[in-house]
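I will go through the structure piece by piece and write down what I look up.

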Amino acid sequence: QVHLVESGGGLVQPGGSLTLSCATSGGILTYYAVGWFLQAPGKEREFVAAISWSGYGFKYANSVKGRFTISRDNAKNPVYLRMDSLKPEDTAVYSCAADINNTYADRHKTPDADHEYDYWGQGPQVTVSA
């Protein structure tokens, strides 16, 4: 069982920045691809960004390219989502997810569909408002 814990959400003004982190309790994320998804009120969950377990594969939703950066240090546990130039439309609950079914051949894999992930965190609220 992989228990994911996110932190770093909150209220920020438009144009501001936040960094979210995703970690496991009782383990490490080293060999898992990790993705971030958002869900705004009344809307379906959307892909935001993913990073491969190798750390060399990245994928971003078009809406966040150039503003958000996903990163990891495989010597440590957390995976980070740095969010810059935040907009009111970024307001949502952000959840991280882990894809544990990765072989060495999948080391650069960056899943962008929620059904590809096996474990999910609860997600912090990010509110972008003046």
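Predicted model: local features only at pLDDT ≥ 70, side-chain atom pairs only at ≥ 80, totals over all residues.

Is A98 buried or exposed? Its relative accessible area is 0%, so A98 is buried. I found A98 in strand β9, which covers residues 92-99.

Next I asked what A98 touches beyond its neighbours within four places in sequence. The contacts are L4, L29, Y32, A33, Y117, D118 and Y119. I also checked the spacing to W36, which is 62 residues away along the chain. The C-alpha atoms of A98 and W36 are separated by 9.1 Å.

**Entry 1: the whole protein.** I stepped back to count elements. The protein has 11 strands and zero helices. Read from the N terminus, the order is β-β-β-β-β-β-β-β-β-β-β. The radius of gyration is 14 Å, close to the 14 Å that the globule rule gives for 130 residues, so the protein is as compact as a globular protein of that length.

I took the box next. Along the principal axes, the C-alpha atoms fill roughly 45 × 30 × 30 Å. The accessible surface comes to about 6700 Å², and carbon and sulfur atoms hold 49% of it. Of the 130 residues, 46% count as buried.

I then looked at contacts between residues at least 6 apart in sequence. Of these, 59% join residues at least 24 apart.

**Entry 2: the open sheet.** I traced a sheet of four strands. Its order is β1-β3-β8-β7, the sheet is open, and the pairing is antiparallel. Which strands sit at the edges? They are β1 (4-7) and β7 (68-72), each pairing on one side only. From one strand to the next, the twist averages 15 degrees.

I zoomed in on one pair of this sheet. β1 and β3 (residues 18-24) pair in the antiparallel sense over four bridges. In that pair, E6 has C22 of β3 as its bridge partner.

**Entry 3: β4 and its partners.** I moved to β4. This strand is mostly covered, with six of its seven residues buried.

With β9, β4 pairs in the antiparallel sense over seven bridges. This leads back to my first entry, as V34 stands opposite A98 in β9.

With β5, β4 pairs in the antiparallel sense over five bridges. Here F37 has F47 of β5 as its bridge partner. β4 and β5 form a hairpin with six residues between them. In the turn, G42 has a positive phi of about 75 degrees.

**Entry 4: A49.** I stayed with β5, which spans residues 46-51 and holds A49. A49 is buried, because its relative accessibility is 0%.

What does A49 touch, not counting residues up to four places away in sequence? I listed V34, G35, W36, K59, Y60, I70 and L81. I also checked the C-alpha spacing to S21, which came to 13 Å for a gap of 28 residues in sequence.

**Entry 5: the core.** The largest nonpolar core has 35 residues. Which members touch the most others? They are W36, V48, L81, M83 and Y94. The elements giving two or more residues to this core are β3, β4 (33-39), β5, β7, β8 (79-83), β9 and β11 (125-128).

I listed the contacts of L81, again not counting residues up to four places away in sequence. Among them are L18, L20, W36, V48, A49, F68, I70 and Y94.

**Entry 6: S85.** I ended in the loop between β8 and β9, where S85 lies. S85 is not a glycine, yet its phi is positive, at about 50 degrees. Is S85 buried or partly exposed? Its relative accessibility is 41%, so S85 counts as partly exposed.

Technical notes
Residues numbered from 1 in each chain as written. Heavy atoms only, no water. Buried < 20%, exposed > 50% of the residue type's maximum accessible area, 1.4 Å probe, protein only. Contact = heavy atoms within 4.5 Å. Pairing = 2+ DSSP bridges. Axes fitted to C-alpha atoms, helices over the stretch in contact; angles between N-to-C directions. Core = buried A, V, L, I, M, F, W, Y, C linked by side-chain atoms within 4.5 Å. Rg over C-alpha atoms; globule rule 2.2 N^0.38 Å. Areas by Shrake-Rupley, 256 points an atom, 1.4 Å probe, with all protein chains shown as cover.
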